[in-house]
Every structure is written in structure tokens, then in C-alpha cells.
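Please work through the following exercises with the coordinates open beside you, and try each task before reading its solution.

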Amino acid sequence: MNLLIFALIILFGLSSYYFGRSEARKLITTNKIKLNALPSYYGYYLGIWCGLPALIILSLWSLFEPTIIKILILSNFSNVESKDLFYEQTLSFFNGNFTGELTNNIKIASERYSSLNAIAYNSKIALLASAVIFSTSYAYKKIKSNNRARDDVELILKGLLFVSSLVAIFTTIGIIVSLLFESIKFFSTINLFDFIFGTSWSPQRAFVRDASTITPEEYLELKDAFGSVPLFAGTAFIALIAMCVAVPIGLFSGIYLAEYASTKVRKYSKPIIEILAGIPTVVYGFFAALTVGPFFRTVGESLGLTVSSESALAAGLIMGVMIIPYISSLSDDVINSVPQSLRDGSYAVGATKSETIKKVIIPAALPGIIGSILLAVSRAIGETMIVVMAAGLAANLTINPLESTTTITTQIVMILVGDQEFDSPKTQAAFALGLTLFIATLFLNYIALRVVKKYREKYD
Amino acid sequence: MELNNSKIKIKSKNLNVYYGNKQALHNINLEINNKEVTALIGPSGCGKSTFIRCINRMNDTIDICKVDGSIEIDGKEVNDKNVDVVTLREKIGMVFQKPNPFPKSIYDNIAYGPTIHGIGEKKDEMDKIVETSLKKAALWDEVKDRLNEPGTGLSGGQQQRLCIARALSVNPEVILMDEPCSALDPIATAKIEELIDDLKKSYTIVIVTHSMAQAVRVSQKTGFFHLGKIIEVDTTEKIFKNPANKMTQDYITGRFG
């Protein structure tokens, strides 16, 4: 029902846009008045005045109506115990899907609910209609008096943009706060130091246990189930392998594209490299798990090495390939933005191309290149799908790239897959891991952005 | 006759330059005398800069640029395939329109060229090169106490003298200057002009300029370019007092360009 009203309001708004515009045109042509703004601004003005107040009233009404009705009904039944349940029963009886013991009170409440609903509905329609009529006629009068519609429209647009950015900001804050609260719950059961410095990770030991009922004896048992060191070590290790692949290849291809490639080669090869960034990570994941992992195992066996089929090497390697375009295309941009005059200056004293690149261009572009590498690192740390599929699940604390390891993201996935007890420390551990991961990538991004910004100041 | 020939440092014969399909220079024949300042004047886009970039083959760095015809330095062909561009550019320094110091320290800006050519490998030798180059560019007194500060932190005029010092650091014989004062204020310009006057004792200088007054003040010989062709070349005095060509006359009196 609300949807229909919403559509109607939008329709009214649109038609008043056209109406306002044509009225303004009429004023110009018939009355020979020079208006303060273009006709379309008067259209927007009328349209906004017609739609916006009604929409605001509608959304506020829909937001508060259920609560107000509930309060009104419950105020008549102050002697009923467990009011929420009673109210739910009333609603389901009203909707015709009530099961259980029917009391007289419920019947009365339901009748009252139905009458209140009808009143609310009628008054909503009346209020909306009068809002539309009143505000539209107000705006229409304003058009006649040739107000400065442009300023008002600009003001409303500014407000709209502001509200949009507010939504984005509050969503982010909301996510962070929920991460924070769940993590605080986790850390109230599991000691922060046991989490940060513990070297053994086996959260399944705390599977179906309510966090609030854990006794000190049980805690001793749980103490070393949540040591996150193997996860951080695994994450850092795989990211390191990935960077070992991505940094040289990405940087060199970036240099080639920026300095050596002809326009034609650049035109075709740059998009092809960037396609790498468009491949879904799950595709990389099964490529790593089904092709690269077994390949390493076969090669390793022929060399007499024991290679796990899910290895840090396979995951890191493929992750590195995935990251190449980030580094190559960012460093290509950065190198391109080094002014040509510096190259000329270097060539003019007799430097060769590679000397110029090594001694002038790379140093000048270095902050930007480091920025791109840091962004790539935070991408590698947050990457999930490849490691879930190719790196393994066992939390081994190892530096042997041929063994399977695990990462923070993999463990979060493992913890939250399947049925969850939301107050078990096992589930809450996912939030704690998420929070630490978030802090780590935030820190890296912050440094990267600072470095890149500093670089920009240099040439602008 | 022999004496006359040795006076000529650079000589271009039927030089044509193309950018893609567009011809930028048409049959340029120009002789530049040893240890003299030659000024090239003409309206924007007439090919002055293209010409001086041919002398040290800077046009090689532009993909679509094609050069034919001949330029000789001391009787040796520049456009020859066997010429090593690195040694050529060591011999012919260049200063650009906009000061372009490297984002390195003042010291490293000067030391860059010598290091590349393997000169001054010892620290005290390099110190000496830096000092003499900066002295020749009349910058030493202003920067001797802050050689480790970035070259980009200097003022525009100082930056341009730093670039001149950088060009001098590899002991060139010729210095090409592409509107070296166009980004500078009158005081900095006066300093650079003074410097040019001083440098011509030991170097052959070719300067592209948009300022008639500057050409008169610093040069001995002037060439007037228009639409990729040389219209007139003569001593500066003759060009500015009594030009042979009507177009030259119009240009120097400001009637077009």
C-alpha cells in the first residue's frame, strides 16, 4: 500500500515538474517577464515542493506508526503479562494465522487494532493529500512572484548530496561498531593477550559453549584454542609470496608500458593486463587449487620433496598473479605523471634510457610506486577466496611454503559457515579476527594514501 | 679559407624534419660560429626549437619525428648511424624553457652527468666538478652552504642556473638554450644574460628566444625562422638595424608574430 502511495507522490512530483516548467515559460512568453531562473528550475522547484514534504511525512509516518499503535493498544491491557508476546498474538490473530489458545483479550485487542489501523490509514492519506496540495500551491504562488528558484533548487540538491554521503558514513560507522561490540564480547571471555600471542588455533574446541557460562577451569582448556599467531603468520607469509611475484612483474611491466612500449602496444596490452583484475577471485581460486597445487605436488614428488596439495606457495603465487595489474597499472600511471622535462634533462646530459629510468624516473616516482605496493599488500591480506580454496585449513605455524597454512580470512569463513551459536566464543572469534584484519588494512591504506598524497604535492 | 672554415662549429645542410606527415623544417642551411652566441628568433611554432633539438639529436626521443639532411659538428656528421648519441650529448649540453632540476639535492643534480659518464669517481674530484660548474653558472655563492638541499627548493632563476651548471658539468663544447628565460622574471633574466655573455668565451652557444631585446643583447649572429624555413641569417647588428628581408623587418618591429 505504501508503495502505491509512494509511486503516486513521485507521479505528482513529475507532473508538477512539467507543469511548473510550462507555467514559467508561459510567464516569459505571455507576460513578457524576465524570470530570475531558467524555466526548468521552476519545474524542479515545483516538483520538489510537491514531492519532498509528502515523502518525508510518509517515511516518518511509516517509521512510527507501528510503535504508536502498539503503545495505544497495550495501554488498554496493563494487566496482561508478557506484553510483547500478547501483542504478537494479537497481530497474528488479526492476520488470520493464529494458532494456540485464544483468549478474549486477544479478540478485543485485535478489534481495536483493526479500528486504529483504519484511522491511521485515513489520516495518513488526508495528511499526505493536504501536504501535497498545500506545498504545491505555495510553490506555485512563489513562481508567480518570480522568486529565485535557482538558489532554492541548488540548496536542496546540496542537501540531497549531503544526506547521501551521510548514509555512506553512518553505514561504515555501523559496521565498525558492530565489529567492535562483538569483539569486546569475545575479549571478555578470552584474554586479549592469549589471542594476540597464543600460537595454537583450534576454535572448534569451543564449539557449542555459551560464552557467559564458561568457568575458570574450562577457560584454562580454551586458553590456547584462540591463539591468532599462526593465522597472522600465515596471512603475512602468503602475502609475502604474492608480493614476491607481483612486485617485480608488476613494476617491470609498468615501466615497460610507460617508457618503452609504443602507443599501439600500450593501447592493446594495458587493457589486457587489466583484465587480470577483472577475473573473479573464485576462478583464480580453483585454478590455484585444481591446477597449480597438484602441479607443484607432482614436480615436488619428482624432486623427492613432500609437497602438500594445498600449499602456501600455490595460493601465494596465484594471488601474486591476481595483484599484478594493481601494481603495473598504478605504477604505469605514476611513471607517466613524471614530467617529460625531467627525462629531457637527463637525456640532454647524455644518459641512456635505462639510466634515466633508474636514476631519475624511478626515484621521482618512488613514493607513488610505494603507495601502489602498499595498496596491493592490503588487497593481498584481505583476499579470501584464493586462500580458502588453495592454502588449506590447518593452522600450521610454518615457514615452509610447500606446507599448507591458513589465513585470517580463511578462518573467518570456516567459523561462520554452517549453523552458528551466536554467543559461543568460536563465533565471536570471527569478529575479533575481522576487527584485527580491518585495523591492519586500514593502517596500510592510511600509509599508502599519505605517501601517494605527498607525492602528488610534489608536481602540482 | 682554412681559417674561415675552422671558425664554423655547427653546419646544417638541407635539413628537413617531419613530425608524422607534417613537415616542420624545410631545407635549413645554417652555420653557427665557434665561441659565439647565435640567436634564433621567429614566431611560435616556426621550428626554432625543432632545429636546436636536431643538433643534439633530442628528436630521437620522439617516436614520430623523422630527420633527413645533414648537420655537421666540427665537420663530423651528427645524423650518421654510427654516431654515439651519449657522447654527442656529452659534447652538446642543453638548457630548457622551463627549469627542470631533478628532485634530488643540488649536489646530486650536478653530479648526475659526470657519474653517468664515469668522470669524477673520487669524492674530492666530484666536489671539484660540482664547485666549478656552480661557479661557472654563477650560482656557487648562493648555494654553497646548502648543497644537500633539494634543487627543486630554489627560486626559478636559481633553478635555471642550476640547470646551466648541470649542462656545464660534463664539459660540453656547445650549449643549446631553448628559451631559457621565458619562465623567469626580469632580474633573473638579467643574471642569465650576464652569464651567457661570460660563457661565450669558452662555449659555443645557440639560444632560442622570443625577446628581440634579448637577442640584441646577447648574440653576435641571428637567424630568423618563419613557418619552418630560414628567412634570413646575418650578424645581429645587421638583422636588427638593416634587415634584407621585408618579413624580418616586420617581425622585429612587431608588425606580426
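**Exercise 1.** Decide how the radius of gyration of chain A stands against the value for a compact globule of 460 residues, and then treat chain B, with its 257 residues, in the same manner.

*Solution.* The model is a predicted one, and the values below are computed from it. A compact globule of 460 residues would have a radius of gyration near 23 Å, whereas chain A has 32 Å. The next step is to look at the box that the C-alpha atoms of chain A fill along the principal axes, which is roughly 80 × 75 × 35 Å. For chain B, a compact globule of 257 residues would have a radius of gyration near 18 Å, and the 18 Å of chain B agrees with that. The C-alpha atoms of chain B fill a box of roughly 55 × 45 × 40 Å along the principal axes.

**Exercise 2.** State how many helices and strands there are in chain A and in chain B, and find into which domains chain A is divided.

*Solution.* Chain A holds 16 helices and 0 strands, while chain B has 11 helices and 10 strands. Chain A is divided into domain 1, covering 2-147, and domain 2, covering 224-459. Taken over C-alpha atoms, the centres of domain 1 and domain 2 of chain A are separated by 52 Å.

**Exercise 3.** Describe how helix α1 of chain A packs against helix α2 of chain A and against helix α4 of chain A.

*Solution.* Two packed helices are described by the angle between their axes and the distance between the axes. Begin with α1(A), residues 2-31, and α2(A), residues 39-74, whose axes come within 6 Å and cross at roughly 160°. Since angles over 145 degrees count as roughly antiparallel, α1(A) is therefore roughly antiparallel to α2(A). The crossing in which α1(A) passes α2(A) is right-handed, and by class their contact has 20 nonpolar, 9 polar and 3 charged residues.

Turn next to α4(A), residues 104-144, which packs with α1(A) at an angle of about 15°, the axes being 12 Å apart. The two helices α1(A) and α4(A) are therefore roughly parallel to each other, and α1(A) passes α4(A) in a right-handed crossing. On the side of α1(A) the contact is made by Ile5(A), Phe12(A), Ser16(A), Gly20(A), Glu23(A) and Ala24(A), and on the side of α4(A) by Leu128(A), Val132(A), Thr136(A) and Ile143(A). By class, the contact of α1(A) with α4(A) has 6 nonpolar, 3 polar and 1 charged residues.

**Exercise 4.** Work out whether α9(A) and α11(A) are oblique or roughly parallel to each other, and name residues that make the contact.

*Solution.* Helix α9(A), residues 263-278, and helix α11(A), residues 312-336, pack at an angle of about 135°, with their axes 7 Å apart. The pair α9(A) and α11(A) is therefore oblique, and the crossing is left-handed. Among the residues that make the contact are Lys270(A), Ile273(A) and Glu274(A) of α9(A), together with Val321(A), Met322(A) and Tyr326(A) of α11(A). The residues of the contact of α9(A) with α11(A) divide into 8 nonpolar, 2 polar and 2 charged.

Technical notes: Residues are numbered from 1 along each chain as its sequence is written. Chains are lettered from A and ligands numbered from 1 in the order in which they are written. This is a predicted model: local features need pLDDT of at least 70, side-chain atom pairs count only at pLDDT 80 or more; totals for chains, interfaces and linings use all residues. Axes are lines fitted to C-alpha atoms, for helices over the stretch in contact, and angles run from 0 to 180 degrees between N-to-C directions. Helices (H or I, at least four residues) and strands (E, at least two) are DSSP runs, numbered from the N terminus. Angles under 35 degrees count as roughly parallel, over 145 as roughly antiparallel, 65 to 115 as roughly perpendicular and the rest as oblique. A crossing is left-handed if the near helix is turned anticlockwise from the far one by less than a right angle, and right-handed if clockwise. Two residues are in contact if their C-beta atoms, placed from the backbone, lie within 7 Å. Ala, Val, Leu, Ile, Met, Phe, Trp, Tyr, Cys and Pro count as nonpolar, Asp, Glu, Lys and Arg as charged, and the others, Gly among them, as polar. Domain bounds come from an automatic or database domain assignment. The radius of gyration is taken over C-alpha atoms; the globule rule is 2.2 Å times the number of residues to the power 0.38.
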